[in-house]
Amino acid sequence: MPTRRTTLWTLFSLQALCCAYFLFDIFFDLFLPGQNNPVVESDLIEALVTVALFFGLAFSASELRRMMRREDQITDQLKVASGAFADLLETRFEEWKLTEAERAVAVLALKGFSVSEMAKLRETAQGTVKAQCAALYRKADVSGRLQLLSLFLDDLMADTLVPANK
């Protein structure tokens, strides 16, 4: 049984050939009206080409519906993941008893901001941000930003969100 990819490319090629046939027909009708070409004048070939285009159109519509359903499912997965991550952050922050400042620094650290960028965004000194990061890492029992991120990734990857549609 051919894969969907093979089927799609085969139908695309068939539709391209059908379009080429109709362009060939138009060319003969416009530029060579007196010429008799049995391929262009054949009603049977035109009917077969039209039927092929119809089946290609029907399959394309089916694939489009399937892809739109899959997109909706992926959007739902992202919503679940976003909510799950926000809930996970809140749970961990409460467990670690982080202050509001440490929470803000933790979020910025997880987003990948440097100490200087965090200081600029929070309108505070770099030394203050470094101290808040140190307190955060101590309370989370990690050695740095990568281990902090790893804690959250491990928690998220352990949960199955929405099952994938194969």
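**Entry 1**

Helices here (H or I, at least four residues) and strands (E, at least two) are DSSP runs, numbered from the N terminus. The model is a predicted one: local features need pLDDT of at least 70, side-chain atom pairs count only at pLDDT 80 or more, and totals for chains, interfaces and linings use all residues. Residues are numbered from 1 along each chain as its sequence is written, and side-chain values use heavy atoms, with hydrogens and water left out.

I looked up aromatic pairs and found seven in the structure. Rings of Phe, Tyr and Trp (its six-membered ring) pair if their centres lie within 6.5 Å; planes under 30 degrees apart count as stacked, over 60 as edge-to-face and the rest as tilted. Tryptophan 9 and phenylalanine 12 have ring centres 5.5 Å apart and planes at 80 degrees, so I noted the pair as edge-to-face. I then checked burial (buried is under 20% relative accessible area, exposed over 50%, partly exposed in between; 1.4 Å probe, protein chains only). Tryptophan 9 has 55% relative accessibility and so counts as exposed.

Tyrosine 21 and phenylalanine 22 form another edge-to-face pair, with 5.5 Å from centre to centre and 65 degrees between the planes. Tyrosine 21 is buried at 9% relative accessible area, and phenylalanine 22 is partly exposed at 26%. I also noted a cluster in which ring pairs link Phe24, Phe27, Phe28 and Phe31.

**Entry 2: the whole chain**

I counted seven helices and zero strands in the protein chain. The C-alpha atoms fill a box of roughly 90 × 35 × 20 Å along the principal axes. The radius of gyration, taken over C-alpha atoms, is 30 Å, whereas a compact globule of 166 residues would be near 15 Å; the globule rule is 2.2 Å times the number of residues to the power 0.38. Of the 166 residues, 24% count as buried.

I looked at contacts (heavy atoms within 4.5 Å). Among those between residues at least 6 apart in sequence, 61% join residues at least 24 apart.

**Entry 3: the core and α6**

I searched for nonpolar cores, meaning sets of buried Ala, Val, Leu, Ile, Met, Phe, Trp, Tyr and Cys residues joined through side-chain atoms within 4.5 Å. The largest has 20 residues, and those with the most contacts inside it are Phe93, Trp96, Met118, Leu136, Tyr137, Leu148 and Phe152. The elements giving two or more residues to this core are α3 (43–95), α4 (100–111), α5 (115–122), α6 (126–140) and α7 (145–158).

I followed leucine 136: leaving aside neighbours within four places in sequence, leucine 136 is in contact with Trp96, Leu98, Glu102, Ala106 and Leu148. The buried residues of α6 are Val129, Gln132, Cys133, Ala135, Leu136, Tyr137 and Ala140.

I checked the length of α6, whose 15 residues should span 21 Å at 1.5 Å a residue; the end C-alpha atoms are 21 Å apart, which agrees. The expected span is 1.5 Å times one less than the number of residues. Aspartate 141 follows α6 and has a positive phi, near 60 degrees.

**Entry 4: glutamate 123**

I located glutamate 123 in the loop between α5 and α6. Glutamate 123 has a relative accessible area of 74% and is exposed.
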